[in-house]
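Here are my notes on the model you sent over. Have it open while you go through the points.

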Amino acid sequence: PVAVLAVCGLYRTGKSSLLNWLTQDEDGEGVVEPSEVEGGDGFKVGSTVQRCTRGIWLWGRPKMITLQSGERVALLVLDTEGIGGLESDTQYDTRIFALATLLCSTLTYNSLGSIDENAISSLSFIANLTH
């Protein structure tokens, strides 16, 4: 069995860093430092306002995990381009968000601080898709 986790949210909120942390080995191997923006294992991260992720990226290899039920599954993770970035528009953001939602079995909305009205609007759009 395969489980697909997608992380969405506003741009520059740490989605790629979160996924790098989640996909590291139990011994801490595979962690990507913010300064390692090219090459190496993991999703690209940076320290500027420029986007690092364009579109939707898939982690290079599945990670075997055990669910609470005891079932072993291959976890695939999707990193998405941030919503509201400097180089995107609302229609593009909506398409990325919707595609990630359709591709995953679990969607995580990553947010720094409180979730604003735009986030609630995006989440309600996805909730309406599920009906």
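1. Which residues make up the largest nonpolar core? This is a predicted model, where local features need pLDDT of at least 70, side-chain atom pairs count only at pLDDT 80 or more, and totals for chains, interfaces and linings use all residues. Residues are numbered from 1 along each chain as its sequence is written, and side-chain values use heavy atoms, with hydrogens and water left out.

2. The answer is a set of 10: V4, A6, C8, L78, I83, F97, A100, C104, Y109 and A119. (A nonpolar core joins buried Ala, Val, Leu, Ile, Met, Phe, Trp, Tyr and Cys residues through side-chain atoms within 4.5 Å; buried means under 20% relative accessible area, with a 1.4 Å probe and protein chains only.) Two or more residues come from each of β1 (2-9) and α2, and β1 gives the most, three. (Helices are DSSP runs of H or I, at least four residues, and strands are runs of E, at least two, numbered from the N terminus.)

3. Apart from that core lies another, of eight residues, including V7, V73, L75 and V77.

4. There's one aromatic pair in the structure. The ring centres of F97 and Y109 are 6.4 Å apart with planes at 70°, so it counts as edge-to-face (centres within 6.5 Å, planes over 60 degrees apart). F97 sits in helix α2 (residues 90-103) and Y109 in strand β5 (residues 106-110), 12 residues apart. Both are buried.

5. On confidence (pLDDT, from 0 to 100 for each residue), the mean is 75, and 74% of residues reach 70 or more. Residues 28-39 fall below 50.

Conventions:
Phe/Tyr/Trp six-rings, centres within 6.5 Å; stacked < 30°, edge-to-face > 60°. Buried < 20%, exposed > 50% of the residue type's maximum accessible area, 1.4 Å probe, protein only. pLDDT = per-residue confidence, 0-100. Contact = heavy atoms within 4.5 Å.
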